[in-house]
Amino acid sequence: MFSAARRNLISKAAPAARLSISRTLRPFSAGAVRLSGGHEVEEIIQGPGPKPGRVPTNFELATGDERREYLATLEGKQYYDMEPLYLDKKGTRDDPTIVPSGAEWRLIGCQGAPGESHELLWIRVERAHGIDRCRECGNVFKLSDTGFDPDNLPPLPKEEVEEH
């Protein structure tokens, strides 16, 4: 019984399947060539690499921001701002709490201002927004206008200088 029904379905579906398989060729065309240009090529920051026959150290293999961080540490400076953001007053629209950052956004944690009045909430403060507000306490945050200046890095704390 099932084999007869199956044969019946296959015979009805076969012409439809043949129609869906088209033997026409799709044309291939190439448009205008676009070259990437109009931007500055950034210098590649990389170390000298290991000497032959030696296992490389992290410093020898470091590239990019990791290498910049190593070089700043050797100079006794701090490449990334790792200091906590102290809130002595609540930020308002007219006088927001300034968050130092050279990026287009920064992730910060708010526990209330000026004291710890609520649980830790993570807020993505974005430059495009102008200001961002904590949904729990209403503290207003804004990214700094100065941005990141790699030529003007803060010094390392004393205990970190002695370790390196």
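The questions and answers below take these topics in turn.

Tutor: This is a predicted model, where local features need pLDDT of at least 70, side-chain atom pairs count only at pLDDT 80 or more, and totals for chains, interfaces and linings use all residues. Residues are numbered from 1 along each chain as its sequence is written, and side-chain values use heavy atoms, with hydrogens and water left out.

Student: How many salt bridges does a search of the whole structure find?

Tutor: A salt bridge is a side-chain nitrogen of Lys or Arg within 4 Å of a carboxyl oxygen of Asp or Glu. Searching the whole structure gives 5.

Student: How far apart are the closest N and O atoms of Arg 68 and Asp 65?

Tutor: Both residues lie in helix α3 (residues 64-74), 3 residues apart, about one turn of the helix. Helices here are DSSP runs (H or I, at least four residues), and strands are too (E, at least two), numbered from the N terminus. Arg 68 and Asp 65 form a salt bridge, and their closest N and O atoms are separated by 2.8 Å.

Student: Is Glu 104 buried or exposed?

Tutor: Buried means under 20% relative accessible area, exposed over 50%, partly exposed in between (1.4 Å probe, protein chains only). Glu 104 has a relative accessible area of 54%, so Glu 104 is exposed.

Student: Which residue forms a salt bridge with Arg 124?

Tutor: Arg 124 is partly exposed, at 41% relative accessible area. The closest N and O atoms of the pair are 3.2 Å apart, and the partner is Glu 126.
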